[in-house]
Amino acid sequence: MKVVITGGAGFIGANTCAALLRAGSGDGPHGNPTGATPIEVTVLDDLSSGRMSNLSGLDVTMVEGSILDDDALDASFAGADSVIHLAARPSVPRSIADPVTAHTVNATGTVMVLEAARRHDVGHVVVASSSSVYGSNPTLPKTEDMTLRPMSPYAASKLATETYTVAWASSYGMDTLAFRFFNVFGPLQPADHVYAAVVPAFVAAALDGRPLPINGDGSQSRDFTSVHTVAATLTDAVVRRVGHPAPVNLAFGTRTTLLELIGELERQLGRPLEREHRPPRAGDVPHSQADQTRFESLFGHITPVPLPEALADTIAWMQSARAADPTGSTDLH
Ligand SMILES: NC(=O)c1ccc[n+]([C@@H]2O[C@H](COP(=O)([O-])OP(=O)(O)OC[C@H]3O[C@@H](n4cnc5c(N)ncnc54)[C@H](O)[C@@H]3O)[C@@H](O)[C@H]2O)c1
């Protein structure tokens, strides 16, 4: 089968390429079940935040281009059985600085991906939405049907991503699956730039001996998810061609505060870590925790990688990436 991954040179995308290729060769990633159908992977990425080095050693076909360009979409989607649409302009603060680009890439880009899938009769499209769509609704855990109150242009654009996907399913008879990812972390996630996610920002600061930058008092909580669990789930979704008429949380109902995360990092590194509190960031959601009932009904056999194990894996990756390229192989270029 042929699978196209938009944004496949990015953090989640490249980990997913690796998981798909392993599954196609008969190996289930992290003990999770997969099919053994040979899988051919095509990546469509404009390398705006992804990088070719993320794909080194992976036997994928690379189409360098934008999801906003029909020619690039046609070149990659022809003959595809499934599309995993991850290409986006991620980051809440980045969207606050540049909301029009967030809208263009995340909302208009999704419409162009869905239309290209329709042109090429792809029939199965999996997309990445985000827990940020829950926004300021304080209820925990987050059930998919609760009222959504996006707090940032990024969250609004991700709501557009999932809403268009569900609408294309009912209008054009496609099988689609819109996942809401919750704070995904792990190897290949860039650390040393202004829009870095919290786990790589903390791990990089700890390894460099810098104070850990905490926006606010650190009591904010997140449902952290290993990228290996996300990649295994995306792989399983395309192998079994799973669709669902409404968005699905991809997380496991855990809730870890930033201070607890730092405590675990201190335990693993065996030393106390200095902290530097900064003002809370606009658009940041205070607490996040998934209700996983819908996920379990579709993917009950997926076993998540536990947080301590996933954090150890992230630390080990960042140490080896820095040893291989001390000038900053984890930078956003
Ligand atoms: N990382 C998380 O915790 C998280 C949480 C919720 C949702 N998501 C979603 O998951 C997806 C992947 O995120 P990620 O963390 O891997 O980010 P990433 O920045 O590493 O990946 C995004 C990829 O999309 C590519 N891209 C951007 N604009 C493009 C365009 N116009 N055409 C083609 N490619 C383009 C980038 O070059 C990059 O490779 C995104 O849709 C993001 O919104 C991520």
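**Reading the fold, the core and the ligand shell**

Tutor: Let us begin with contacts. In this predicted model, 78% of the contacts in the protein with a separation of 6 or more are between residues 24 or more positions apart.

Student: Which secondary structure does the protein have?

Tutor: The protein has 10 helices and 13 strands. Its radius of gyration is 19 Å, close to the 20 Å that the globule rule gives for 333 residues, so the protein is as compact as a globular protein of that length. The C-alpha trace spans about 55 × 45 × 40 Å along its principal axes.

Student: How many of the 333 residues count as buried?

Tutor: The buried share is 49% of the 333 residues.

Student: Which residues of the largest nonpolar core touch the most other members?

Tutor: That core has 97 residues, and those touching the most other members are Val3, Cys17, Val41, Val43, Val83, Val126 and Phe202. Helix α1, residues 11–24, supplies the largest share of this core, with nine residues.

Student: What does Val126 touch, leaving aside residues up to four places away in sequence?

Tutor: With those set aside, Val126 touches Ser82, Ile84, His85, Leu177, Phe179, Leu234, Ala237 and Val238.

Student: Let us turn to a charged residue. Is Glu162 buried or exposed?

Tutor: A residue is buried if 20 or more other C-beta atoms lie within 10 Å of its own. Glu162 counts as buried because it has 25 C-beta neighbours inside 10 Å. This residue lies in helix α5, residues 153–172.

Student: Which residues does Glu162 touch, not counting those up to four places away in sequence?

Tutor: On that basis, Glu162 touches Val127, Ser129, Ala178 and Pro247. Glu162 and Ala178 are 16 residues apart in sequence, and their C-alpha atoms are 5.6 Å apart in space.

Student: Let us finish with the ligand. Which of the 30 residues around the ligand come nearest?

Tutor: Gly7, Gly10, Ile12, Gly50 and Ala88 come nearest among those 30 residues. Two or more residues of the shell come from each of α1, β2 (40–45), α4 (99–119) and β5 (124–130). Of the elements, α1 gives the most to the shell, with three residues.

Student: How do the residues of the shell divide into nonpolar, polar and charged?

Tutor: The shell around the ligand has 16 nonpolar residues, 11 polar and three charged.

Terms used: Residues are numbered from 1 along each chain as its sequence is written. This is a predicted model: local features need pLDDT of at least 70, side-chain atom pairs count only at pLDDT 80 or more; totals for chains, interfaces and linings use all residues. A nonpolar core is a set of buried Ala, Val, Leu, Ile, Met, Phe, Trp, Tyr and Cys residues joined through C-beta atoms within 7 Å. A residue is buried if 20 or more other C-beta atoms lie within 10 Å of its own, exposed if 12 or fewer, and partly exposed in between; C-beta atoms are placed from the backbone. Helices (H or I, at least four residues) and strands (E, at least two) are DSSP runs, numbered from the N terminus. Two residues are in contact if their C-beta atoms, placed from the backbone, lie within 7 Å. The radius of gyration is taken over C-alpha atoms; the globule rule is 2.2 Å times the number of residues to the power 0.38. A residue is near a molecule or strand if its C-beta atom, placed from the backbone, lies within 6 Å of it. Ala, Val, Leu, Ile, Met, Phe, Trp, Tyr, Cys and Pro count as nonpolar, Asp, Glu, Lys and Arg as charged, and the others, Gly among them, as polar.
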